[in-house]
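Reader: Please give me a close look at one well-covered part of this model, then carry on through the parts around the rest of the chain. Keep it brisk, and state each cut-off once.

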Amino acid sequence: MTGIRERLAHDWGTLQRRIMPSFVRRTLFWKYAAYFSGLVSALLILSGAVGGYFAYRESTAALEALQRAKAQAVGSEIANFMSRLEDDLQSVATKFNTSATVDEEDLRVELVTLLRHQPSITELHWVAADGRERFALSRIAPDATDSGRNWSDDQRFAGTRDRAQYLGPVYFRRETEPYLSLAVTRNPGGPMLVAEVNLKFVWDVISQIRVGTADMAYVVDRRGQLVSHPDISLVLRKPDLLTLPQVSSALSRNDHEAPLGRDARNVDGLAVFAVAVPIERLGWTVFTEQPREEALRPVYASIARSVALVLLGVVASVTASLLFARSMVRPIRQIEARAREIGEGKLDQRIDVGTGDELEALGLQFNRMAERLQEIHVTQETRIAERTRDLALANDAKTRFLAAASHDLRQPIHALALFVGQLRADSGSPQAPALLEKIERSVEVLEELLEALLDLSKLDVGAVIPQPKPFAVHPFLSRLVADFAPTAETKGLALTLVPSKLWVYSDPLLLERILRNLIANSIRYTADGRILIGCRRRGANVDVVVADTGRGITPVHLPHVFQEFYQAGPLQGGLTKGLGLGLAIVKRLSVLLDHRIALESIPGKGTVVRVRVSRAAPQTPDHAQRVAPTPDLRGTRVLVVDDEASARDAIQGLLAQWGCDVIAVEGGDEAVAEARIRRPDLVLCDLSLADGDSGVAVVDRLRREHGAGLACAFITGESAPERISEARAFGHPIAFKPTKPAKLRALIEYLLHSP
């Protein structure tokens with residue numbers, strides 16, 4: 001393709017030098033017409049946009065000011081009403097609030113006068129300092145004198161023990177009308193006068209407020225309960241207005257002058273402009289609101305007119321430009337159509353323009369270029385096919401290389417891991433702990449890289465076979481979180497697991513590898529913040545989510561992050577560079593398991609990865625399957641067959657420390673001879689032995705001589721799919737080198753105690 005680009009660039013340069021100067025001179029008029037129409041259109045559009053913007057701002061500011069003025073008027077009227085009511089009650093309470101005996105007739109006359117003067121008061125109660133009710137006067141119930149009612153435990157009585165007045169919460173009497181209790185006393189702790197106030201007066205005030213045709217005002221107390229509304233039925237339903245954004249925002253902040261935001265909604269869910277004004281003495285808030293559609297109708301009309309004028313100007317300028325260029329458009333379109341077909345690969349197409357001018361010459365140049373491209377195309381197709389075959393062969397060679405190299409690479413690391421386990425058991429030397437830590441770090445780094453490379457190789461050659469089954473998500477994720485918690489804590493990250501009772505159907509080992517890679521990436525590329533792990537039901541599936549607050553991934557890198565050795569940009573301070581293989585393994589495993597991977601990322605905000613897994617029905621736990629206590633391996637006869645001396649010595653030393661009676665041999669004939677002398681309890685055999693000998697054949701010979709009950713396992717660095725499939729066909733466990741001591745012991749215990 002490089003040759004095509006070079007030839008095309010050369011031909012196009014020649015074409016420009018020979019033809020384009022004359023062509024440009026002949027099209028300057030058309031260019032000027034295009035520039036003129038574009039400039040006029042841009043100015044018209046800019047003018048309309050600026051005018052619409054300022055019209056919107058001015059209209060919303062004026063509407064907010066008008067609504068605030070109305071709300072303040074309502075709040076002032078309600079506050080004055082309550083102030084007058086308190087003054088009248090305080091006057092009566094002051095007159096009779098003495099230690100002397102109260103004349104009942106005088107008190108009755110004063111209370112009756114107060115009821116006539118204040119129609120909003122429904123009931124009056126005179127309560128002595130000892131909490132006993134002395135007199136009660138009501139519009140809806142019989143009057144009572146010395147009823148003996150004890151108010152000592154009443155909140156209204158308790159509220160006047162340490163202050164001169166008490167204002168109770170709004171309540172509904174018989175679920176018909178809102179009421180308010182108001183208690184006053186001249187001296188805190190003395191006799192009190194309690195008034196039950198009907199809040200219908202507030203309804204009369206707010207019903208008169210009108211800013212438009214669909215606007216309204218309403219009053220809410222500090223609990224978010226509706227006190228008054230033009231629709232009295234809505235008040236009686238006692239809705240929780242804290243669910244409205246503007247009510248929640250106004251009651252939770254101190255700055256009541258600030259706008260309530262653009263998300264204000266009325267009880268019907270319609271978007272509104274809303275303003276809140278507090279009534280400090282009562283703890284109430286007055287809201288005025290108007291539907292945004294009605295409020296912005298004049299603005300929309302103005303914008304529509306501006307848009308119409310802009311469109312008219314644009315149409316006029318474009319029409320003039322088209323008329324000017326009309327005489328030149330037709331031949332250019334013919335050339336453009338033929339050139340497009342040539343660009344689409346139809347190299348047999350030719351341009352035929354009989355104008356007799358420079359345009360005809362341009363068409364001839366295009367025809368010559370098409371002929372040259374047609375010749376080059378045939379040649380390049382052959383070259384591309386050859387290169388494709390070469391790439392396929394190179395890819396196969398890479399896979400074969402990794403598979404062949406795996407055996408030789410695994411052996412020294414396997415031996416090193418076993419020597420580490422042996423050194424840990426014999427830690428009497430003062431330098432042993434430090435040396436052990438260094439060896440273990442080296443082993444972990446080598447093992448991480450090697451396992452990643454070999455996992456890719458096994459996935460490419462199809463050596464990994466999923467074994468799906470249903471299992472509970474929460475215990476599965478809890479173990480992962482527990483494993484990564486120390487690493488996250490070291491970096492100061494919060495690693496959080498959301499509990500779940502869901503079950504999924506997948507291969508738990510392969511799914512664990514996917515999630516381990518994702519969690520490791522989140523910890524590695526998150527400098528501060530948190531990492532959240534959980535799952536969410538999606539119909540018949542479950543999304544397992546790993547979300548972090550890390551540096552994120554820019555959009556240009558997102559299509560490539562699942563490629564091998566791909567790094568999404570340079571790392572910043574404090575972040576550890578990975579191998580670039582984790583997400584490549586995640587992608588291959590997800591395809592193998594038929595799990596869909598979704599990745600979303602915002603640079604500077606974080607990344608969310610979702611793994612969609614099939615949901616399974618909860619299973620009944622098998623209580624019969626219990627973890628057996630760690631058995632004692634002392635006296636266990638183990639036959640080790642491995643052609644690598646270092647691996648053989650390492651595993652022999654480790655098993656000897658565990659108390660096993662170990663016989664280590666190099667080949668199959670020696671293994672059979674030693675087994676005839678003393679039957680082993682367990683055989684650990686490599687798959688590939690010296691001189692082309694097969695571990696499968698050795699195990700088969702041993703089992704034929706000593707019975708099918710002989711426990712056997714393969715410990716190998718082999719990764720060729722045909723060898724792995726052959727070993728699995730015998731049903732024996734397979735452990736891949738390097739094998740850690742803990743995994744090796746678990747395998748031995750399983751073989752010795754499995755039925």
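Author: Helix 14 is mostly covered: 13 of its 17 residues are buried. Buried means under 20% relative accessible area, exposed means over 50%, and partly exposed lies in between (1.4 Å probe, protein chains only). Helices (H or I, at least four residues) and strands (E, at least two) are DSSP runs, numbered from the N terminus.

This is a predicted model, in which local features need pLDDT of at least 70 and side-chain atom pairs count only at pLDDT 80 or more, while totals for chains, interfaces and linings use all residues. Residues are numbered from 1 along each chain as its sequence is written, and side-chain values use heavy atoms, with hydrogens and water left out.

Helix 14 covers residues 508–524. From first C-alpha to last, helix 14 reaches 24 Å, close to the 24 Å expected at 1.5 Å a residue. That expected span is 1.5 Å times one less than the number of residues. At the start of helix 14, a side-chain oxygen of Asp507 comes to within 3.0 Å of the backbone nitrogen of Leu509.

Ile519 sits in helix 14. With a relative accessible area of 2%, Ile519 is buried. What does Ile519 touch, beyond residues up to four places away in sequence? The partners are Leu480, Phe484, Ile533 and Val546; contact means heavy atoms within 4.5 Å. Ala488 is 31 residues from Ile519 in sequence, and their C-alpha atoms are 9.9 Å apart.

Now the aromatic pairs. Rings of Phe, Tyr and Trp (its six-membered ring) pair if their centres lie within 6.5 Å; planes under 30 degrees apart count as stacked, over 60 as edge-to-face and the rest as tilted. The count by this rule comes to three aromatic pairs. One of them joins Phe471 and Phe476: it is tilted, with 5.1 Å centre to centre and 55 degrees between the planes. Phe471 and Phe476 are both buried.

An open sheet of five strands runs in the order 19-18-20-21-22, with parallel pairing. Two strands pair if DSSP finds at least two bridges between them. Strand 19 (661–665) and strand 22 (734–736) are at the edges; each has a single partner strand, so one side of each is left without a neighbour in the sheet. On average, neighbouring strands here are turned by 20 degrees against each other, direction ignored. Axes are lines fitted to C-alpha atoms, for helices over the stretch in contact, and angles run from 0 to 180 degrees between N-to-C directions.

Strand 18 (residues 637–641) and strand 20 (residues 682–685) run parallel, joined by four bridges. Val638 stands opposite Leu682 in strand 20. Helix 18 (residues 695–706) packs on this sheet and touches strand 18, strand 20 and strand 21 (711–716). The direction of helix 18 makes about 170 degrees with that of strand 21.

An open sheet of four strands has antiparallel pairing and the order 8-7-10-9. Strand 8 (226–228) and strand 9 (272–279) take the edges; with a single partner strand each, one side of each is left without a neighbour in the sheet. Five bridges link strand 7 (residues 216–220) with strand 10 (residues 284–291), and the two run antiparallel. Met216 faces Glu289 in strand 10. Helix 6 (residues 200–207) lies across strand 7, strand 8 and strand 10, at about 150 degrees to strand 7.

Strand 5 (residues 177–184) has seven of its eight residues buried, so it is largely enclosed by the rest of the structure. Seven bridges tie strand 5 to strand 4 (residues 165–173), running antiparallel. Leu182 in strand 5 is the bridge partner of Leu167. Strands 4 and 5 form a hairpin with three residues between them, and Arg174 in the turn has a positive phi of about 55 degrees. Strand 5 is also joined to strand 6 (residues 192–198), by six bridges and antiparallel. Here Ser181 stands opposite Glu196 in strand 6.

Last, strand 1 (residues 121–127), which holds His125. His125 counts as buried at 8% relative accessibility. Which side chain makes a polar contact with that of His125? Glu133 does, at 2.9 Å. A polar contact is a pair of N or O atoms within 3.5 Å; within protein, one must be able to donate a hydrogen and the other to accept it, and residues adjacent in sequence count only if both atoms are side-chain atoms. Leaving aside neighbours within four places in sequence, the contacts of His125 include Glu133, Phe135, Trp151 and Met192.
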